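User: I would like to learn how to read a structure one feature at a time. Could you show me the general idea first and then the case at hand?

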Amino acid sequence: MKKYLSLIAGLALLLSGAGHQANACTGIALNAKDGSRVLARTVEWAATPINCGYAVVPRGHSQVSMTPKGEDGLRFDALYGYVGIYTDYEPFVVEGVNEAGLSAGLFFFPGFGEQPAFEEELKARSLCDMQLVSWVLSQFSTIDEVKEGLANVQVISIDKRMGTVHWRLSEPGGRTVVLEFKGGDPVFYENPLGVLTNAPGFDWHMTNLRNYVNLAPGAAANQTLAEGLELSPLGGGSAMLGLPGDFTPPSRFIRAAFFSSCAPQWANGFESVMQAFHILNNFDIPIGAQHKVGQAPAGLPSATQFTAATDLASLKFYYRTAWNQNIRCIDLKTIDFRRVKYRTVPLDSQKQQPVEYLAIK
């Protein structure tokens, strides 16, 4: 119990001290010509290096949700095996996919959203918000099943200092929703773009898109200001002039929406995954951009600590990190989730970018 309280206090202190400035996750989605659906996202944390790893969770694996009192909340056994990435604490999976092809991801949502308050008499059905991804992936195969399941749980925060979160859920067929809590109640938004960032609420971001109806791919048309005076664009992409370039959630949402919508539709899931990583290069936040001069943490090469992409059709989960930009892949179809043992593995065996040296003779 003492170890648990120490862990929660440490996480709450870290998140409350830098949550608004340090976290800047960006999610996109792409559809391939063969019907594949690809979900991809970044995870930023500019305060300190995160000890991230991936978890392989078999069917039947038992978990217990945390509450403000300890590890004594909702108990659930996995009906579906899944793979996901956790941050610092193994039960806190923030992005993953299960063997049925259901994807779930957690995005920080500081200053917005309101989850139900913890009630001692309801602790047996209380689910920690940081464990909702694990619960979703272990219990359900569709978004509608998640909606039904939420009627039987209380999604709580274990410490208000950790801030609020919201989630993106997606099915192989392409349906994607955003889940937020308002006044203690779950609210689902259909998300045809598949894009998600952070605050404010998803409905606000969708309204804000209307401020950028002038944006389009390609070059702007020439303009004639007077007889003999015709202005032409200085370069390619001029029709995107006005695209916001800062790292705030509203600006990242606009860029993510237009970059993913303008991307060519590739033949298959693999090609779309590669396209997704290229798009998300635009959201790789250089270390120092979120700090005052001289205050950037040591040992952190980028605020974007990992980028992940999931091909829901082929059940392949890809990731790369700030320390190793090589793309790595876990193929869920090669895993027997009836027999595989629960395991967690650091994302990087060593935090150093491998470099391929070319022998020139």
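Analyst: Let us begin with accessibility, keeping in mind that this is a predicted model. Cys262 has a relative accessibility of 33%, so this residue counts as partly exposed, whereas Cys25, at 2%, counts as buried.

User: How many disulfides does a search of the whole structure find?

Analyst: A disulfide is a covalent bond between the sulfur atoms of two cysteines. Here the search of the whole structure finds 0 disulfides. Cys25, for instance, takes part in none, and the nearest cysteine sulfur, which belongs to Cys52, is 10 Å away, while the cut-off for a disulfide is 2.5 Å.

User: What should I look for in the backbone angles?

Analyst: Most residues other than glycine have a negative phi, and most peptide bonds are trans. In this model, Asp88, in the loop between β6 and β7, has a positive phi near 70°, and Leu315, in the loop between β16 and β17, has a positive phi of about 55°. Asp88 is partly exposed, with a relative accessible area of 36%, whereas Leu315, at 10%, counts as buried. The peptide bond from Ala199 to Pro200 is cis, with omega near -5°, and Pro200 lies in the loop between β13 and α4.

User: Which residues is Glu99 in contact with, leaving aside its neighbours within four places in sequence?

Analyst: Glu99 lies in the loop between β7 and β8, and at 21% relative accessibility Glu99 counts as partly exposed. Leaving those neighbours aside, Glu99 is in contact with Arg59, Leu79, Tyr80, Gly81, Leu315, Leu332 and Phe337. The side chains of Glu99 and Arg59 are joined by a polar contact of 2.8 Å, and a polar atom of the Glu99 side chain lies 2.7 Å from the backbone nitrogen of Gly81. Glu99 and Tyr82 are 17 residues apart in sequence, yet 5.9 Å apart in space, C-alpha to C-alpha.

Note on methods. Residues are numbered from 1 along each chain as its sequence is written. This is a predicted model: local features need pLDDT of at least 70, side-chain atom pairs count only at pLDDT 80 or more; totals for chains, interfaces and linings use all residues. Side-chain values use heavy atoms; hydrogens and water are left out. Buried means under 20% relative accessible area, exposed over 50%, partly exposed in between (1.4 Å probe, protein chains only). Helices (H or I, at least four residues) and strands (E, at least two) are DSSP runs, numbered from the N terminus. Contact means heavy atoms within 4.5 Å. A polar contact is a pair of N or O atoms within 3.5 Å; within protein, one must be able to donate a hydrogen and the other to accept it, and residues adjacent in sequence count only if both atoms are side-chain atoms.
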